[in-house]
Amino acid sequence: MKGFELISTGGALPGRLVTNDDLSRMVDTSDEWITTRTGIRQRHFCAEGETITDLAVKAARQALERSGLSAADIGCCVCGTLSSQYASPSTACLVQRDLGLAEDIPVLDVNAACSGFIYGVGVARGLLATRENDPRRYALVIGCEHLSRLMDMTDRSTCVLFGDGAGAAIFELTGDAEFAIDLGARGDMAITTPAGGPIGMDGRAVFRFAVDALPRSLGAVLAATGHTIDDLDWVVCHQANSRIIDHCVKKLQADPDKFYKNMDRHGNTSAASIPVALNELAEQGRLTPGMRIACIGFGGGLTWGGMVLKVKGSKA
Ligand code: UT7
């Protein structure tokens, strides 16, 4: 199996900060309900004139700069999103244009909703693996969403949950690095986003799905690598709801401190949530060379995706 190591990360959040109290002035809700049911306290929405393409480009540029690589080293660019600015060109193609990535590489968007970043990593790794004679062994994978554009701001059951943002990461295909990925789907209408919006969700059904899919996918990638949770430095889950992560921690009798949470500050940013979280950890100096991490996504589709991978370098 070909390994896939994390080299660098980047992130971008839009300018309009919306607190639970702000929302309680718009719909019949309260900071108390949102906080206790979800762990979310605030989220960022794109301001007037701000586009998800701008945020994706910003996050991707940051990841590229931090990698020490040049645009010409990138062998493919994949963007996970369900809310791109254009159906075509893809967000990935617009990132390619703005970063000056090569023309003879695959560049595409992937829609697997909240599992979009993990699916993007799987697609990118597969694409690089099929281009065996290409010396460009680096992939740029982005997760970005402009969900506020697709929300019904009069529907309190959904409008309090989601936020906008973008995260990006660069990976290297390496011969021997440890890596495992688990991708799956169960076609189902529990979360729907019609082309023009708004997002609709059977929250309880998705909650039940999530508390089953998350530990199952984590178990699958741990089994594939022969590790246990104790061997992981971080578990970075999709940030939909703090209670979903707590369920998983309890079920697995795991150390809660290993499960990173930031939904209090960003809400659920779908495909962006995992790369935004990875970028925060990196910026805080808490994602360091040699670390072994798991990332697990779940959401619309219904889809799920898990992976175990190493941060490039050796542990200090
Ligand atoms: O990213 C994709 C993956 N998505 C998810 O993982 C989401 C999974 N689901 C969830 O996180 C939870 O189901 C929610 C946070 C969406 C909802 O929490 P819940 O504990 O399942 O609440 P509920 O839907 O069962 O609603 C409980 C009550 C209802 O009132 P009644 O029928 O008990 O009188 C709702 O009408 O809460 C009411 N309610 C609200 N009240 C105040 C629903 N939304 C709100 C709100 N503010 N925003």
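This is a predicted model: local features need pLDDT of at least 70, side-chain atom pairs count only at pLDDT 80 or more; totals for chains, interfaces and linings use all residues.
Let's start with the ligand, which sits in the largest pocket. Several elements give two or more residues to the shell around the ligand: helix 2 (31–38), helix 6 (156–159), helix 7 (203–225), helix 8 (242–252) and strand 13 (292–299). Helix 7 provides the largest share of that shell, with four residues.

What kinds of residues make up the shell around the ligand? Eleven are nonpolar, eight are polar and five are charged. There are 24 residues around the ligand, and those that come nearest are Thr29, Arg37, Arg204, Asn241 and Asn268.

Asparagine 241 has a side-chain N or O atom 2.7 Å from a ligand oxygen atom. For tryptophan 33, the distance between a polar side-chain atom and an oxygen atom of the ligand is 3.3 Å.

How much of the ligand's accessible area does the protein cover? On its own the ligand has 950 Å² of accessible area, and the protein covers 75% of that.

## An aromatic pair

Five aromatic pairs are found in the structure. In one of them, phenylalanine 209 and tryptophan 304 have ring centres 6.1 Å apart and planes at 55°.

## Backbone spots to look at

Most peptide bonds are trans, and most residues other than glycine have a negative phi. Here are some exceptions to look up in the model.

Serine 88 and proline 89 are joined by a cis peptide bond, with omega at about 0°. Proline 89 lies in the loop between strand 4 (74–80) and helix 4 (91–99). The bond from glycine 197 to proline 198 is also cis, and its omega is near -5°. You will find proline 198 in the loop between strand 9 (191–192) and strand 10 (200–201).

Alanine 113 is not a glycine, yet its phi is positive, at about 50°. Alanine 113 is placed in the loop between strand 5 (107–110) and helix 5 (116–130).

Terms used
Residues are numbered from 1 along each chain as its sequence is written. Side-chain values use heavy atoms; hydrogens and water are left out. A residue is near a molecule or strand if one of its heavy atoms lies within 4 Å of it. A polar contact is a pair of N or O atoms within 3.5 Å; within protein, one must be able to donate a hydrogen and the other to accept it, and residues adjacent in sequence count only if both atoms are side-chain atoms. Accessible areas come from the Shrake-Rupley method with a 1.4 Å probe; for residues, only the protein chains shown count as cover. On a 1 Å grid over the protein atoms alone, a cavity is a set of points where a 1.4 Å probe fits but cannot get out, and a pocket is an open set with protein on both sides within 12 Å along at least five of seven lines; lining residues have an atom within 4 Å of a point. A molecule sits in a cavity or pocket if more than half of its atoms lie within 2 Å of its grid points. Ala, Val, Leu, Ile, Met, Phe, Trp, Tyr, Cys and Pro count as nonpolar, Asp, Glu, Lys and Arg as charged, and the others, Gly among them, as polar. Rings of Phe, Tyr and Trp (its six-membered ring) pair if their centres lie within 6.5 Å; planes under 30 degrees apart count as stacked, over 60 as edge-to-face and the rest as tilted.
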